[in-house]
Amino acid sequence: MEDTYEIAAQADDGNWYGSTFDASAYGYYVGYYSSNLAHAFFRWDNVILPPNALISAAVVRIYISAKSGSPYSRLYMADAADPVAPTNATEANAVTKTTAYTQHNYAGTPAEWIEIDATAMIQEL
């Protein structure tokens, strides 16, 4: 079985760096921005994983529109059954993350979709 999920509501994704928080942005920073480590969150609502489900593959697709330098990112999942979207940087920083993560070093050219393997994180949930 293969399913595709998209972010449903604008408040279900956003970014923060330092104490600056924005859940209405259409673009996100990776790496450092304004001398602060930049973070982004993406919440897929109403995704139900049946108990004991075997997750053989999970991929997060992200569109890269621009870059500067050699940014890298780490993708974690919120380690919760039904996480809520944060509403400020303090809440976002306090989210308990999965121990599994994927580090992605982006070396391509902008204007392309990339796929990041999220299988281990989904299996941990």
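Two residues are in contact when heavy atoms of the one lie within 4.5 Å of heavy atoms of the other. In this predicted model, 65% of the contacts between residues at least 6 apart in sequence join residues that are at least 24 apart. The points below begin with the chain as a whole and then turn to its cores, its salt bridges and its surface.

**Overall build**

- The chain contains two helices and eight strands, and, read along the sequence, these elements follow the pattern β-β-β-β-β-β-α-β-β-α.
- A compact globule of 125 residues would have a radius of gyration near 14 Å, and the chain agrees with this, because its own value is 15 Å.
- Along its principal axes, the C-alpha trace of the chain spans about 45 × 30 × 25 Å.
- Buried residues make up 26% of the 125 residues in the chain, while the accessible surface comes to about 8,700 Å², of which 51% belongs to carbon and sulfur atoms.

**Nonpolar cores**

- The largest nonpolar core has 13 residues, and those with the most contacts inside it are Leu-75, Met-77, Ala-118, Met-121 and Ile-122.
- Two or more residues of this core come from each of strand 5 (59-64), strand 8 (112-117) and helix 2 (119-124).
- Apart from this core lies another one, made of five residues, among them Trp-16, Ala-85, Ala-89 and Ala-92.
- When residues up to four places away in sequence are not counted, Met-77 touches Val-60, Thr-96, Lys-97, Thr-98, Ala-118, Met-121, Ile-122 and Leu-125.

**Salt bridges**

- The count of salt bridges comes to two, and one of them joins the side chains of Arg-43 and Asp-12, at 2.9 Å from N to O.
- Arg-43 lies in the loop between strand 4 (36-42) and strand 5, whereas Asp-12 lies in the segment before strand 1 (13-17), so this pair ties together parts that are 31 residues apart in sequence.
- Arg-43 counts as buried because its relative accessible area is 16%, which is under the cut-off of 20%, and Asp-12 is likewise buried, with a value of 8%.
- In the other salt bridge, the side chains of Arg-61 and Glu-115 meet at 3.5 Å from N to O.
- This second pair links distant parts of the chain, with Arg-61 in strand 5 and Glu-115 in strand 8, 54 residues apart.
- Arg-61 is partly exposed, with a relative accessible area of 48%, while Glu-115 counts as exposed because its relative accessibility is 56%, and the cut-off for that class is over 50%.

**Surface and the loop between strand 4 and strand 5**

- Val-47, Leu-49 and Leu-125 make a nonpolar surface patch of about 220 Å².
- Leu-49, one of the residues of this patch, lies in the loop between strand 4 and strand 5 and is partly exposed, with a relative accessible area of 39%.
- Ser-56 also has its place in the loop between strand 4 and strand 5, and at 68% relative accessibility Ser-56 counts as exposed.
- Although Ser-56 and Ala-120 are 64 residues apart in sequence, their C-alpha atoms are 9.3 Å apart in space.

Methods
Residues are numbered from 1 along each chain as its sequence is written. This is a predicted model: local features need pLDDT of at least 70, side-chain atom pairs count only at pLDDT 80 or more; totals for chains, interfaces and linings use all residues. Side-chain values use heavy atoms; hydrogens and water are left out. A nonpolar core is a set of buried Ala, Val, Leu, Ile, Met, Phe, Trp, Tyr and Cys residues joined through side-chain atoms within 4.5 Å. Buried means under 20% relative accessible area, exposed over 50%, partly exposed in between (1.4 Å probe, protein chains only). Helices (H or I, at least four residues) and strands (E, at least two) are DSSP runs, numbered from the N terminus. A salt bridge is a side-chain nitrogen of Lys or Arg within 4 Å of a carboxyl oxygen of Asp or Glu. Patches are made of residues with over 30% relative accessible area and no salt bridge: like charges are joined within 9 Å, nonpolar side chains (Val, Leu, Ile, Met, Phe, Trp, Tyr) within 5 Å. Accessible areas come from the Shrake-Rupley method with a 1.4 Å probe; for residues, only the protein chains shown count as cover. The radius of gyration is taken over C-alpha atoms; the globule rule is 2.2 Å times the number of residues to the power 0.38.
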